[in-house]
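Here is a short briefing to read alongside the model. Please keep the viewer open as you go through the points.

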Amino acid sequence: MGLLSDPNRRRALISLLVRLNTPISVVCYLAGVAWFMGLAFEPFTLRTYMSENAMGSTMVEERFPAGERALASGKEFSAHKKKVGGMPVDWLVKTMQDRGLEVFTQRFSRTLPFPDENKERYMVKGTNVYGILRAPRAPRTEALVLSAPCSPGDQNNQAVGLLLGLAQYFRSQIFWAKDIIFLVNEHDLIGMQAWLEGYHHTNTTGRMDWSPLQGRGGSIQAALTLELSTDVITSMDLVLEGLNGQLPNLDLANLFYAFCQKIGILCTIQGKLQRNDWDSVSGYSHSIQTLMMMVMKQASGRPWGDHGLFLRYHIEAATVKGVNSFRQYKTDATTIGRLLEGMYRKLNNLLERLHQSYFFYLLPSLSHFVSIGYYMPAFGLLTVILLLRALDLWVQLSAPPTTTEDGVTDAEPVSSPGVLSVLTPLVISHLTGAALYALPTRFQEIAVEHFPVSETEAVVLTAIAVYTAGLALPHNTHRLLTGEGTEQGWRVLKLVAVLYLAVLLGCTALINFSLGFILALTLVPAAVLVTPHRPKVLTAFTLVILSPACTLLFSVFFFQELQEMPVTFQEGWLLYLSVISQGILDHFLYGSLVFPLIALLVYPCWLLFWNILFWK
């Protein structure tokens, strides 16, 4: 306190920070990256443990016997699906009723803002079928959900069969204290969103048409989505990443891992097995790849399974996938059924919602996790660079002109910047961001009429065109200014831009750490380096490389490398265009915030630094 309250000491501290600004910034950046890379080193992580007392033991006896019968039901479901060319609603309703469930259906429709070329759909119509197993030993105020999407072709038929088998087996048990809802949703996330909106009487996007639900259970406490696309299952993969980077309570992942260990099922996360040789180079490389894959998925903001939309309603949910990759292991449907039975029996014991464990974490493996208190310092080391740069600019702006011994100033008095010179770039940058957000979907019909492109290509190319047109912003800005910009003007603008970026990254990291950290890796160096006095061509090239668009492009190639599926530049470019269209679709369909965040805030902030580079 004495250091800050004493004016002389405070000035000495500020002078020291300004003088060592560059070396401190370099050290902080390298330390932040090194800290993040060290998160995958096992001695620096915490071992997972069960925090919820009601689920602290796996001492339940799983007796599910009907794995083969469930696979037969899956084949029968597949045959009826091929016969009707879609969801066999009537067959599902009859089958669930035969198993003693209260069965209901829900019709829904959704017209996409532009065609989804990945799944070849534009006007989506479908039906959800769900059956409710009423709790025999409770007032039916709480519920659990087990869902299986009705996927096109031969995908996920086995999951629907196993869901029906579990419904029949659960019906014969008397210890259930919660309603159990068995849901088969059509058109994956769109059908799931329609069902969740109908269940909770909401309409999050305002563009979905669905029929009201005729039957409801209690308040949903937890949910699992099952995906099995093959008869031969070698391992079970856990998918946690939900909409806007949300994650379920860590106890749900701990429960899955505990029962896999008990039953003897090979379990993975991000499709990668756990290794015990953490002290070797290959073991550390495996852990960092797993961690980075989770970071990349979380940063995308898209739900990586049907469970991702449950998290919006504060329902802890995850997707369990059956994987056929490790040929030396095999797991039958009976064992998978016992895994789900054990998990639901433990969830049935809950007296309150899962809340005692972590909601903010990263997983280098299923047995170890990194809590928010461990990974946030890596982000903090990057953002402190922005604060140091802001302090340096503030000192430069507040420093009085130097005088000689005769009392004469060495330089001519510096004119203070006008409000217009700083306000104009801010306004124009954000108007450009608003155009990037609004024009691609509004001008797609005009683009299709005048150019030989599809509607999806028109949306993506319009977005790229608006983004590129923003590079002409400095010239347009200076035409609106009265006179030339002053030397103090660009410093004031950079001070505003640096503080704006610090607040923006901080708020983003609190909601989605992975997205905030990736943006900080590229935008912080851009914010620090840019001045009007650096070589224009080299600095402009560096700024473009560190821009949000190029960050996304590099992330696409990097993610393919992490998946061990490298692509050529041409394949990567097509994948890049697909990622842009999917990001825009995810926003309008499910409410993903990544596209509006980039368009309305991050891109305008980057344009401010671009404007500073060409300051006149």
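Predicted model: local features only at pLDDT ≥ 70, side-chain atom pairs only at ≥ 80, totals over all residues.

Residues are numbered from 1 along each chain as its sequence is written, and side-chain values use heavy atoms, with hydrogens and water left out.

- Helices (H or I, at least four residues) and strands (E, at least two) are DSSP runs, numbered from the N terminus.
- Buried here means under 20% relative accessible area, exposed means over 50%, and partly exposed lies in between (1.4 Å probe, protein chains only).
- In a regular strand the side chains alternate between the two faces of the sheet. Both faces of β8 are covered, with S235, D237 and V239 buried on one side and M236 and L238 buried on the other.
- Strand β10 (residues 316-323) pairs with β8 in the antiparallel sense over five bridges, and T319 in β10 is the bridge partner of V239. Two strands pair if DSSP finds at least two bridges between them.
- Strand β9 (residues 267-269) pairs with β8 in the parallel sense over three bridges, with I269 in β9 as the bridge partner of L238.
- Together, β8, helix α8 (residues 250-263) and β9 make a right-handed β-α-β unit; with the strands pointing away from the viewer, the path from the first strand over the helix to the second runs clockwise.

**Aromatic rings**

- The whole structure holds 26 aromatic pairs. Rings of Phe, Tyr and Trp (its six-membered ring) pair if their centres lie within 6.5 Å; planes under 30 degrees apart count as stacked, over 60 as edge-to-face and the rest as tilted.
- W610 and F614 form a tilted pair, because their ring centres are 5.1 Å apart and their planes are at 55 degrees. W610 counts as buried at 6% relative accessibility, whereas F614 is partly exposed at 24%.
- For a cluster linked by ring pairs, look at F64, Y169, F170, F175, W176, F182 and Y344.
- R216 lies over the face of Y199, 4.5 Å from the ring centre, and the charged end of K297 sits over the ring of W304, 5.1 Å from its centre. A charge sits over a ring if NZ of Lys or CZ of Arg is within 6 Å of the ring centre and within 35 degrees of the ring normal.

**Salt bridges**

- A search of the whole structure finds twelve salt bridges, each a side-chain nitrogen of Lys or Arg within 4 Å of a carboxyl oxygen of Asp or Glu.
- K94 and D98 meet in one of them (3.3 Å, N to O); both lie in helix α5 (residues 89-98), four residues apart, about one turn of the helix. K94 is exposed at 52% relative accessibility, and D98 is exposed at 56%.
- R121 and D188 also form a salt bridge (3.4 Å, N to O). R121 lies in strand β3 (residues 121-133) and D188 in helix α7 (residues 188-200), so the pair ties together parts that are 67 residues apart in sequence. Both R121 and D188 are buried.
- K272 forms a salt bridge with E564, the closest N and O atoms being 3.9 Å apart. K272 is buried, with a relative accessible area of 11%, while E564 is exposed at 59%.
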